[in-house]
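Dear colleague,

Please find the structure below for your records. My findings follow it.

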Amino acid sequence: MRFWVVVIAWLCLTGVKLMAEVPDPWTPVKVQQAKGEIRVGIWGREYRFAQQPLPSQIMTASVELLAQPMRLVAFGEGGKLSWTQSGCELWERTDEQATLLGWQVNDALIANFVVRVEFDGLMRFDLTLAPLPQPKASLQRLWLEVPLRKERATLFHYWPGRWGSAENSGAVPTDGMRLPFKPIVWLGWEEGGLTWCAESDRNWQVAENSRAIEIVPEGEAVILRVHLLDTPPQKLPLSFTFGIQATPVKPLPKDFHEWRICHGAFYGMERQPVAEGAKDTALEKAARLGVKTLVFHEHWTPIQNYWRTNRETELRDLIAACHRQGIKLLLYFGYELSTLAPEWSAVADKVLVKTPTGGLAGGYFRQPPQRDYIVCLNSQWSERLLDGIVSAIERYGFDGVYLDGTIEPFGCANEAHGCGYQTADGRLRETYPIFAVRQFMRRLYEALHPKGKLINAHQSTYCGTPTLAFVHSYWDGEQFGGGELAKDPLQKLPLASFRAEFMGKNFGVPCEFLVYERPPDWTIDHALAFTMLHDVRVRPLGFGAMLEKLSAIWSAMSQFGVSEAEWHPYWRNGDLIQAQPESVKVSGYRRTVNGQVRWLLVVSNLSVKEAVTAKVRLTEKAMPKVNEATDTLTGERLPISDNTITLPLLPMQMRLVAVR
């Protein structure tokens, strides 16, 4: 017995994995081979390879994504070059990953592939172009094309985006799109889609920088076209690496409506009255209003993004008080290294994000006085931060982490830790360390999730599923924190943009919306008018009116039982719900209780200026007879005639209506 204890200890010390385990809720990778086709199955998806190293079909959300097989399109001097040989073989399979080897040959070259399919659905392609011994043609251009079914590519998202705008998410234009290199591009619809990713455009030869990536509608397909080579390759062999991941990446937690996250925990809130003369402490009020998860922002520690505090007794007292109230506490961890950190002088040059000219990124200033610069997780800081978070949870006993920007693979050109690359003319270009950040997030998830700890990410403008897959929920919307939505929110943030980036169902990760109130021009009521239509709630900040508003919504949704209900959103419920005038949109939750159909309707007037009298009719298919309709937030009984509910709505107002 002692012998095996020593052996296991030695294996652990040397880093040898005793067993490959796939973290919940994913399932082990499965491979089937029949009739020359390889099928790789992961949770909710299947990738099919029909005698070629690129997928011939992708299944997700129970539908086929591809209009035609994915392809490399090669051009010679006389036009397209045909691939005369093509093949794909299974190299190895574990529960965590399947590895395929593939090849394609034309008259100009050999294309060799190593394809790694991981349990969360990310396929990493390492493509090498090798010369033929006696080529019959010369390669002039090479494109990667992903032809998606038209109905499965109605929405897009890419990153980086732009602060103050939703231009990086929305409806695919009828005439398509042209983009410069982007490390993350997603195409899909409200329930699923496909992420393409690459850490850099290294070895790409693009004729027009603004046209490195195209989205091209063509008949019944929408083609994602990646311009790897627009000119003859300068040398061979030549390599490219990219990733493909079908979404959603995992099932939505059934109970995510009940997480009830509130931002704004602080030291002493278990003792401090919520207001002068009040009987409740801030913590007692939070509990009374239904908060189940509190987030303590950066000031839990004097050092930005650090894992220790000099107020340990106060922190433990707060955690214990939260637990007595049945509330989980998440602590802040971010994307920066502070000049106040003990490690700064020893590691800063080695771990910080650097620009191609050698400058630092970020520089946030906070109290106590310090400057905080963006750190790169492709460096030794990844291991240090991971160890720090895990040790902090063991030391203090809190319930999870709030990650501020940590899941984003910030562009970096710091060659000291392997980022950046030199172009042919000697210029330094940045790289986006997607795979390093992904590895960090996977290890963090594997450390925290089995212990019931939550990982919540704030990542405004970024929905890159290779890293987003390993969080429990995300918080998006700070890019509009400067008041951009105050005048005409749906012009700055169209509904299609919301469905693409801020809804979460298409990625398999629940989302909340971030709102900074700016009364009287912009309030939480305006935000709720469009967020609630998408089954997305606003996260309250602090313990005032915003929390009270959300508390009433949480209560109404819990009483109805939305976690057990079918959701019917406004863009596909026309056979069930009809609404007038045009500015009124309705989404609904439907349940059958004791044989009786019930609805909880989100009814929103999206007009910025006009108050309306809404007419909401439930068809016979939705409910044979409407007997009762009640505004759940005010208790008002609403008039009904011929299965039609009548209710007044102010501009940008939402009402939550229970129907029996």
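Leu294 lies in strand S22 (residues 293-296); strands (E, at least two residues) and helices (H or I, at least four) are DSSP runs, numbered from the N terminus. This is a predicted model, in which local features need pLDDT of at least 70 and side-chain atom pairs count only at pLDDT 80 or more, while totals for chains, interfaces and linings use all residues. Residues are numbered from 1 along each chain as its sequence is written, and side-chain values use heavy atoms, leaving out hydrogens and water.

Leu294 is buried, with a relative accessible area of 0% (buried means under 20%, exposed over 50%, partly exposed in between, with a 1.4 Å probe and protein chains only). Although Leu294 and His263 are 31 residues apart in sequence, their C-alpha atoms are 5.9 Å apart in space. Beyond neighbours within four places in sequence, the contacts of Leu294 (heavy atoms within 4.5 Å) include Cys262, Met269, Leu330 and Phe543.

How many disulfides does the structure hold? There are zero, a disulfide being a pair of cysteine sulfur atoms within 2.5 Å. The sulfur of Cys412 is too far for a bond, because the closest cysteine sulfur, in Cys419, is 3.9 Å away. Cys419 is likewise in no disulfide, as the nearest cysteine sulfur, that of Cys376, is 3.7 Å away. Cys412 is buried, with a relative accessible area of 0%, and Cys419 is buried at 1%.
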